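Subject: Handover of a structure and its findings

Dear colleague,

Please find below the structure that I am handing over to you.

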Amino acid sequence: MSANLEIIRATYEGSSEDNGRNLLAAMAPDATWTEAEGFPYAGTVVGHLLRS
């Protein structure tokens, strides 16, 4: 199994808490993505977005 597939599975196949922890472990600290307008966190995000 490829490492990329293992990472993706680790962020979807467990509990929500485990999935989030696995995603943060795999994500670069300076990862950048853009949430679409109209969504609660719309805009560009850099780094880990932790909300409670």
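Of the 52 residues of the chain, 12% count as buried. Please keep in mind that this is a predicted model, and that every value in this message was computed from it. The accessible surface of the chain comes to about 4300 Å², and carbon and sulfur atoms account for 54% of that surface.

**Overall architecture**

The secondary structure consists of two helices and two strands. Read from the N terminus, these elements follow the order α-α-β-β. The radius of gyration is 12 Å, well over the 10 Å that the globule rule gives for 52 residues, so the chain is more spread out than a compact globule. Along its principal axes, the C-alpha trace spans about 35 × 20 × 20 Å. As for contacts between residues at least 6 apart in sequence, 5% of them join residues at least 24 apart.

**The loop between the helices**

Where does T11 lie? This residue is placed in the loop between helix 1 (3-10) and helix 2 (16-26). T11 has a relative accessible area of 15%, and the limit for a buried residue is under 20%, so T11 counts as buried. The side chain of T11 reaches the backbone oxygen of I8 at a distance of 2.8 Å. If its neighbours within four places in sequence are left aside, T11 is in contact with N19, N22 and L23.

I8 itself is found in helix 1. With a relative accessible area of 47%, I8 is partly exposed. Together with I7 and Y12, I8 makes a nonpolar surface patch of about 340 Å².

**Salt bridges**

Side chains of opposite charge can pair when their charged atoms come close. How many salt bridges does the count give? The count comes to three salt bridges.

One of them joins the side chains of R9 and E13, with a distance of 3.9 Å from N to O. R9 counts as partly exposed, at 35% relative accessibility, whereas E13 counts as exposed, at 61%.

Which residues are linked in a network of salt bridges? They are E17, D18 and R21. The side chains of E17 and R21 meet at 3.4 Å, N to O, and those of R21 and D18 meet at 2.6 Å, N to O. E17 and R21 are four residues apart in helix 2, so about one helical turn separates them. R21 and D18 are three residues apart in helix 2, which also means a separation of about one helical turn.

E17 is exposed, with a relative accessible area of 58%. R21 is partly exposed, at 44%, and D18 is likewise partly exposed, at 33%.

**A threonine in a strand**

Is T34 buried or exposed? T34 has a relative accessible area of 56%, and exposed means over 50%, so T34 is exposed. This residue belongs to strand 1, which covers residues 32-35. Not counting residues up to four places away in sequence, T34 touches G43 and T44. The side chains of T34 and T44 are also joined by a polar contact of 3.1 Å. The C-alpha atoms of T34 and V46 are separated by 8.9 Å, and these two residues lie twelve places apart along the chain.

**Two threonines side by side**

T11 lies in a loop and is buried, whereas T34 lies in a strand and is exposed.

With kind regards

Notes: Residues numbered from 1 in each chain as written. Predicted model: local features only at pLDDT ≥ 70, side-chain atom pairs only at ≥ 80, totals over all residues. Heavy atoms only, no water. Buried < 20%, exposed > 50% of the residue type's maximum accessible area, 1.4 Å probe, protein only. Polar contact = N/O pair within 3.5 Å; in protein donor to acceptor, adjacent residues only side chain to side chain. Contact = heavy atoms within 4.5 Å. Rg over C-alpha atoms; globule rule 2.2 N^0.38 Å. Areas by Shrake-Rupley, 256 points an atom, 1.4 Å probe, with all protein chains shown as cover. Patch = residues over 30% accessible without salt bridge, like charges linked within 9 Å, V, L, I, M, F, W, Y side chains within 5 Å. Salt bridge = Lys/Arg side-chain N within 4 Å of Asp/Glu carboxyl O.
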